Amino acid sequence: MDTTRLSRFVSGLWDDEIVPQLVEYIRIPNKSPMFDKDWVAHGYMDQAVELMSTWANGKLAAFPGATLEVVRLEGRTPLIYIEVPGEGDDTVVLYGHLDKQPEMTGWADDLGPWKPVIKGDKLYGRGGADDGYAIFGSLAALLALREQGIAHSRCVILIEACEESGSYDLPYYVDHLAERIGNPSLVVCLDSGCGNYDQLWLTTSLRGMTGGELTVQVLEEGVHSGDASGVVPSSFRILRELLSRLEDPATGKILPQELYVDIPAERIAQAKASTEVLGTAIYDKFPFVEGMRPVTDDLVELVLNRTWRPQLAVTGAGGMPALESAGNVLRPQTAVKLSLRVPPTLNGSRAGEFVKQLLEKDPPYGAKVSFKVEKDGSGWNAPQLSPWLAEAVKEASEHYFGAPAAYMGEGGSIPFMGMLGEKFPQAQFLITGVLGPHSNAHGPNEFLHIPTGKKVSMVVAEVVAKHYALGAKG
């Protein structure tokens, strides 16, 4: 393999075609179904599917026998399914998604979620890095091999459209397409993060997630606070008390031991190694207000908190008027949206059931308390890396990043990984991505670091080539 030629080819394809395609993709407000209940009527998801499919179809002409199908199961989001024939009997699955998180507030004046802006090496806008680039990066890797006549195994590309809602449609598609997908020996996922932009980062674990809406109701309608306070318990106070069953309000530590697991020694060692590479960049990347500090100065504990321990975030509130409209009223109810990250090896569904029972039992003052579980995805802990894959990613990272690969768990969730891990326990996993410092997926000012997108594509090309070459040698 001529790595210089491969770099030149991939970089040119990104500059000439992929970045312009991502610019158009960012303009489409194709929010995940959880955030757009009328996604079918709005048609934005179909627009994104059409944009990606049109480009991909044009490129598949380079591969004799390659096919692309937009699979649509009734009542579910669409899925782009691509097959690229290869040599030998093995299969590689390459995964990504095209749905997006909602807008979020706080974007810079010259930026916006659906407003693509290129500044230097960064392409700003919602979804470019999470995870619109995946289909383009995957095909760029295969096209780079084709350009040099380098053999690879049969490749299947899956691009789903409800990952940001928990991938609840994906199991149906995997079952529906099981015979066509086959039994992959390598799974590549381009939907993860990176600790910096200086080397390849492999994701070793992903936390699961459960969450939903917690509602506390005390009245049928709001009443004068001067009349009722001291007589009618505040719904906000009751809600705060309920949350204290789950989380220590002083430290943020999750209290029930049922939500913890034993952290594998290998993951603790990798956490220590990642702190030696990143140092205070582990928390410097966050836009702290002046005077603010992280929950601890122990960097290893921060990594383990982020990757292997349960953590709670309150991501929304209901029943509260805007500040400018807040009168002296004791409100009838308070509701919050809870997002609870759970350890990679904890069952997400059981965690959701546990949290529901914890919050709903014995409601203070007899208040009407309900917790509606909306998410219950389990996490994923990577199988031990085969020596061939460890060596392949090390060499590929050195070729294109100029530094060896690094390993770290991620705090986010990719439900597809746990599902595939169960269905294909013998497969090897290459989980990586471009979501590095300040890229701010899900938040304001999200960006794709274009040079990293290019390099990840190059790494995938080399690893896929070595997967076939080493497999052909047994």
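Tutor: A residue is called buried under 20% relative accessible area, exposed over 50%, and partly exposed in between, with a 1.4 Å probe and protein chains only. Because its relative accessibility is 0%, Val 342 counts as buried. The model is predicted, so local features need pLDDT of at least 70 and side-chain atom pairs count only at pLDDT 80 or more, while totals for chains, interfaces and linings use all residues. Residues are numbered from 1 along each chain as its sequence is written, and side-chain values use heavy atoms, with hydrogens and water left out.

Val 342 belongs to strand 13, which covers residues 333-342; strands (E, at least two residues) and helices (H or I, at least four) are DSSP runs numbered from the N terminus. Leaving aside residues up to four places away in sequence, Val 342 is in contact with Arg 207, Gly 208, Met 209, Thr 210, Pro 310 and Ala 351, where contact means heavy atoms within 4.5 Å. Between Val 342 and Gly 377, 35 residues apart in sequence, the C-alpha to C-alpha distance is 9.2 Å.

The surroundings can now be widened to the whole protein. Of the contacts between residues at least 6 apart in sequence, 81% join residues at least 24 apart. Buried residues account for 53% of the 474 residues. The protein contains 15 helices and 18 strands. Its C-alpha trace spans about 80 × 50 × 45 Å along the principal axes.
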